[in-house]
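Biologist: Can you take me through this one? I'd like to start with the aromatic rings.

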Amino acid sequence: RKACWGARDEFWRCLDRHADDDSKCEKLRLSFESRCPQQWVKYFDKRRDFLKYKRKLETEGYHPPEAAGKS
């Protein structure tokens with residue numbers, strides 16, 4: 001677990017430094033995938049997306065789509 005989470009943290013830091021450009025962090029992604037069970041990789045990918053979305057909501061607020069509530 002420790003090796004998996006460490007690889008995940010390194011990969012996420014790389015993505016943060018390179019504005020989520022996967023191509024610049026490819027080696028770290030491979031290390032992350034090789035050290036973690038596939039189910040964990042899927043979970044962590046979804047978790048990162050959720051955390052980015054949550055951060056965006058906290059900074060920009062919620063803006064419903066224009067068509068919301070209209071039929």
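Modeller: A ground rule to begin with: rings of Phe, Tyr and Trp (its six-membered ring) pair if their centres lie within 6.5 Å. This is a predicted model, too.

Biologist: Which residues do ring pairs link into a cluster?

Modeller: Trp 5, Phe 11, Trp 12, Phe 32, Tyr 43 and Phe 44.

Biologist: And how many aromatic pairs does the structure hold?

Modeller: Five. One of them joins Phe 11 and Phe 32. That pair is stacked, with 5.7 Å centre to centre and 15° between the planes.

Biologist: Where do Phe 11 and Phe 32 lie?

Modeller: Phe 11 is in helix α1, residues 2-17, and Phe 32 is in helix α2, residues 26-35. The pair therefore ties together parts that are 21 residues apart in sequence.

Biologist: Buried or exposed, Phe 11? And Phe 32?

Modeller: Phe 11 counts as buried, at 3% relative accessibility. Phe 32 also counts as buried, at 0%. The cut-off for buried is under 20%.

Biologist: What about Trp 12 and Phe 44?

Modeller: They form an edge-to-face pair. The centres are 6.5 Å apart, with 90° between the planes. Trp 12 belongs to helix α1 and Phe 44 to helix α3, residues 38-60. The two are 32 residues apart, so this pair links distant parts of the chain.

Biologist: How accessible are Trp 12 and Phe 44?

Modeller: Trp 12 has 12% relative accessibility and counts as buried. Phe 44 has 5% and counts as buried as well.

Biologist: Switching to charges. Which ring does the charged end of Arg 8 sit over?

Modeller: The ring of Phe 44, at 4.6 Å from its centre. Arg 1 has its charged end over the ring of Trp 5, 5.3 Å from the centre.

Biologist: Now the overall fold. How many helices and strands?

Modeller: Three helices, zero strands. From the N terminus on, the order is α-α-α.

Biologist: Is it compact or spread out?

Modeller: More spread out than a compact globule, because the radius of gyration is 16 Å, well over the 11 Å that the globule rule gives for 71 residues. Along the principal axes, the C-alpha atoms fill a box of roughly 50 × 25 × 20 Å.

Biologist: What share of the residues is buried?

Modeller: 21% of the 71 residues. The accessible surface is about 5,900 Å², and carbon and sulfur atoms hold 52% of that.

Biologist: And the contacts?

Modeller: Take those with a separation of 6 or more: 52% are between residues 24 or more positions apart.

Methods:
Residues are numbered from 1 along each chain as its sequence is written. This is a predicted model: local features need pLDDT of at least 70, side-chain atom pairs count only at pLDDT 80 or more; totals for chains, interfaces and linings use all residues. Side-chain values use heavy atoms; hydrogens and water are left out. Rings of Phe, Tyr and Trp (its six-membered ring) pair if their centres lie within 6.5 Å; planes under 30 degrees apart count as stacked, over 60 as edge-to-face and the rest as tilted. Helices (H or I, at least four residues) and strands (E, at least two) are DSSP runs, numbered from the N terminus. Buried means under 20% relative accessible area, exposed over 50%, partly exposed in between (1.4 Å probe, protein chains only). A charge sits over a ring if NZ of Lys or CZ of Arg is within 6 Å of the ring centre and within 35 degrees of the ring normal. The radius of gyration is taken over C-alpha atoms; the globule rule is 2.2 Å times the number of residues to the power 0.38. Contact means heavy atoms within 4.5 Å. Accessible areas come from the Shrake-Rupley method with a 1.4 Å probe; for residues, only the protein chains shown count as cover.
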